[in-house]
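I wanted to look at rings, a sheet, a pocket and a helix, and to jot down what turned up.

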Amino acid sequence: MPIEEIRVRGTVQGVGFRPTVYRLAKACGLYGDVCNDGQGVLIRVSGSEEALTEFVARLQTECPPLAKINQLTRIPYEGKFNFNNFVISNSVNNAIKTEIVPDAATCPQCQQEIFDPFSRFYRYPFTNCTHCGPRLSIIRAIPYDRYNTSMSAFVICPECAKEYHDVENRRFHAQPVACHVCGPTAWLERADGKSVTASMFSMLDDVDAVCTLLQKGEIVAIKGLSGIHLACDATQETVVQKLRQRKRRYHKPFALMARDIEIIEQYCTVNVKEKELLTSSAAPIVLLQATGKKLVAPAVAPGQNTLGFMLPYTPLHHLILRRMNRPIVLTSGNLADEPQCIDNDEAREKLGTIADYFLFHNREIINRVDDSVVRVIGDKVQTIRRARGYAPASISLPPGFDKVPQILAMGSELKNTFCLLREGEAILSQHLGDLENATAFNAYQETLNLYLNLFEHNPEVIAIDKHPEYFSSKLGKELADTNQIPIHQIQHHHAHIAACMAENGIPLNSPPVLGIALDGLGYGDDSTLWGGEFLLADYRKFQRLATFKPVAMIGAEQAIYQPWRNTYAQLTAANLWDDCQQQYADLEIVKLLRNKPLKLLNQLIEKGINSPPASSVGRLFDAVAAAIGICPEECSYEGQAAIAMEAIVDVSSLNNDKETLIYPFSFGFSDSIYCIDPRPMWQALLNDLHQQIPQPVIAAKFHKGLANAIVEMVKHLSKQNLINQVALTGGVFQNCILLEQVTQRLQTLGIKVLTHSLVPTNDGGLSLGQAVITAAQFIHES
């Protein structure tokens with residue numbers, strides 16, 4: 001009888017993979033064993049050729065729900081083999097090459113048990129099995145065994161141990177398995193320190209009491225799976241406004257959670273793809289089109305026509321919402337832009353002036369993981385924030401990247417992630433936030449150290465953004481100096497394009513694509529700020545073919561949060577300000593600008609003082625939004641004005657093919673490359689404002705005009721360069737109207753369009769691009 005060693009790599013630990021191997025081996029009449037180790041799962045097995053072939057085939061077709069096989073290899077086994085049955089052996093510690101599983105939403109079987117009065121898991125808030133529950137959020141080290149998780153603090157009871165050791169049970173080797181007798185517990189506290197008794201609410205337990213508190217208009221901090229959230233009734237305007245003021249989050253939309261799809265459908269349209277996402281094991285926040293039939297409080301998502309909904313993804317949330325027939329706000333438990341709290345004492349200190357009550361538990365959260373955010377554009381998923389449910393699942397790299405050194409890519413400044421590259425796969429961290437916040441930067445360093453230790457990753461090369469002032473770049477340089485390893489500085493927009501190429505499986509040695517990278521800003525090769533770029537790029541190099549006309553960012557970072565600065569800069573760059581004062585003096589935007597210190601602003605522009613020129617399309621959006629009266633004075637978060645303008649676009653104008661409903665742009669040269677100039681657009685827009693054309697129509701004309709200008713530039717560049725594929729990337733392409741308009745127009749020309757799905761088109765995907773560019777350069781140099 002042949003004896004084989006079968007090596008399985010991928011997402012195969014903590015997902016019920018070994019029990020599946022055991023069941024199939026027994027069914028096929030095989031002998032041997034299976035164990036976890038640092039590389040994944042190792043199977044030593046003996047049987048007939050026919051039985052082995054059937055076993056391997058069924059292993060791939062009957063894979064557990066959360067498992068993913070990346071590689072399966074079979075070789076003859078040469079060692080000692082003393083098995084007369086098939087068994088599951090203990091884990092083996094060696095070099096770490098396996099994957100860590102993302103946290104997974106409560107499976108249907110566990111949901112049924114927590115509401116079954118005859119189940120021993122009835123109303124237990126931490127019920128889980130191999131198909132669901134905590135993974136990344138509780139793990140300290142590999143292999144994924146209980147002693148390497150925060151569940152090590154809880155001694156398993158006989159009943160749970162019986163299920164844990166029963167190969168026929170879905171809790172077989174489920175590391176966080178626990179129950180009322182032996183597992184974590186939850187309790188309710190008042191923020192003012194006074195005692196809470198169940199008799200106050202006459203509820204079943206403290207978890208059930210939270211529902212009553214929310215219905216009464218209280219704000220409750222809820223410790224969940226991978227962070228602490230702040231919750232309130234989403235239909236009560238007074239309490240939502242109170243939460244905004246206390247949290248100091250004045251305009252950014254709040255996420256919502258509802259008990260089931262039926263409740264969500266009272267407020268939003270939900271298509272088949274969106275329903276799949278909501279009910280998936282990742283259970284992300286899904287941006288949905290609001291119907292307007294039934295309304296949440298206006299303060300939930302001011303200026304938006306979408307709502308971000310998620311379904312309960314832990315037993316705790318299911319139990320809280322059991323009696324809740326309306327949505328709740330469920331937003332990160334933090335102040336402003338700080339990282340989400342994960343510790344009970346930290347929450348008492350930082351959230352005590354925000355929440356009225358706390359629902360805590362005593363299972364430690366090891367890794368902070370925010371909720372993921374996605375949306376569906378056309379028939380494709382666009383990831384906006386990649387975190388819980390998705391990270392740190394690996395991303396397989398395209399052909400040619402099989403043998404690369406271990407690379408660490410540090411990411412960007414905003415919406416940061418970092419990336420570990422090894423043996424043909426990329427491990428992207430969860431969303432870590434904006435590093436300009438000191439607390440977020442500290443959390444970034446802690447998470448980076450954790451990942452390097454978890455995956456035993458020893459970088460041989462470090463990749464950073466070229467911007468000299470990014471905290472991630474500075475830290476990367478320190479690490480490179482300390483460890484005496486090479487460092488690669490990667491241009492921001494090249495990294496955006498490379499990330500899009502990589503997730504679309506473009507092989508290493510493919511011909512260049514035309515990458516269109518539109519965002520707020522990135523540090524250019526000429527030491528200026530770029531943000532509207534047409535780059536002919538492969539993984540190793542790029543050529544800048546075209547850009548948008550550079551315009552001063554008056555006050556530098558202030559221009560991001562005060563859109564009127566961009567409007568004035570655009571009008572002066574187009575030599576239209578004098579016309580504005582003479583012909584359009586009655587326009588609100590002109591009145592607003594005339595009250596600003598224009599003489600000082602002109603001096604700043606002329607002398608280049610704190611007003612760097614930038615080809616930023618993100619700032620162009622802000623300028624147009626302010627001009628038509630959307631957030632002209634101030635924004636509380638980047639892109640607020642642009643997002644609000646997208647929300648009001650008139651659909652009938654958008655779908656009308658009349659040329660009069662498309663703003664014109666002109667084309668010229670700037671510093672020896674092609675340039676898109678918005679001057680004609682501004683002339684037409686000012687005239688429309690003068691004629692009192694409605695905001696939604698102007699917004700539609702701008703979106704269509706910009707899309708048309710981008711496509712015209714592609715057509716022009718195609719005459720001089722062989723262009724078969726165009727990659728659309730950068731934060732501006734989170735705008736679904738612009739993305740759809742450009743994509744459809746390019747596809748009509750027969751051009752293949754690459755867009756993002758697995759990783760964010762914003763800076764959250766940048767580290768993947770940095771990593772693959774560095775790998776390509778390393779391969780080329782070696």
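**Aromatic rings**

I began with the rings and found a cluster in which ring pairs link Phe418, Phe441, Tyr444, Tyr451, Phe455 and Phe471. A reminder to myself: this is a predicted model. My count of aromatic pairs came to 18.

One of them is the pair of phenylalanine 401 and tyrosine 539, which is edge-to-face, at 5.0 Å centre to centre and with 85° between the planes. I then checked where the two partners sit. Phenylalanine 401 lies in the loop between β16 and β17, and tyrosine 539 in the loop between β23 (529-537) and β24 (542-548), so this pair ties together parts that are 138 residues apart in sequence. Is phenylalanine 401 buried or exposed? I found phenylalanine 401 buried, at a relative accessible area of 0%. Tyrosine 539 counts as buried too, with 1% relative accessibility.

Next I looked up phenylalanine 669 and tyrosine 674. Their ring centres are 4.6 Å apart and their planes are at 35°, so I noted the pair as tilted. Here phenylalanine 669 counts as exposed, at 59% relative accessibility, whereas tyrosine 674 is buried, with a relative accessible area of 16%.

**The sheet**

I traced an open sheet of 6 strands with mixed pairing, in the order β16-β19-β18-β17-β20-β21. The edges belong to β16 (395-396) and β21 (487-490); each has a single partner strand, so one side of each is left without a neighbour in the sheet. Inside the order, I picked out β17 (residues 407-409) and β18 (residues 419-422), which pair in the antiparallel sense over 3 bridges. Which residue of β18 is the bridge partner of isoleucine 407? I read off leucine 421.

**The second largest pocket**

I got a volume of about 550 Å³ for the second largest pocket. Its lining holds 25 residues, and those nearest its centre are Pro102, Arg386, Gly389, Tyr390 and Ala393. I also asked which elements give two or more residues to this lining, and the list is β15 (380-385), β16 and α13 (492-503). By residue type, I sorted the lining into 13 nonpolar, 8 polar and 4 charged.

**Helix α23**

At 1.5 Å a residue, its 24 residues should span 34 Å, and I found the end C-alpha atoms 35 Å apart, which agrees. Why do I call α23 largely enclosed by the rest of the structure? Because 17 of its 24 residues are buried.

How values were computed:
Residues are numbered from 1 along each chain as its sequence is written. This is a predicted model: local features need pLDDT of at least 70, side-chain atom pairs count only at pLDDT 80 or more; totals for chains, interfaces and linings use all residues. Side-chain values use heavy atoms; hydrogens and water are left out. Helices (H or I, at least four residues) and strands (E, at least two) are DSSP runs, numbered from the N terminus. The expected span of a helix is 1.5 Å times one less than its number of residues. Buried means under 20% relative accessible area, exposed over 50%, partly exposed in between (1.4 Å probe, protein chains only). Two strands pair if DSSP finds at least two bridges between them. On a 1 Å grid over the protein atoms alone, a cavity is a set of points where a 1.4 Å probe fits but cannot get out, and a pocket is an open set with protein on both sides within 12 Å along at least five of seven lines; lining residues have an atom within 4 Å of a point. Grid points are joined across faces, edges and corners, and a volume is the space filled by probe spheres set on the points. Ala, Val, Leu, Ile, Met, Phe, Trp, Tyr, Cys and Pro count as nonpolar, Asp, Glu, Lys and Arg as charged, and the others, Gly among them, as polar. Rings of Phe, Tyr and Trp (its six-membered ring) pair if their centres lie within 6.5 Å; planes under 30 degrees apart count as stacked, over 60 as edge-to-face and the rest as tilted.
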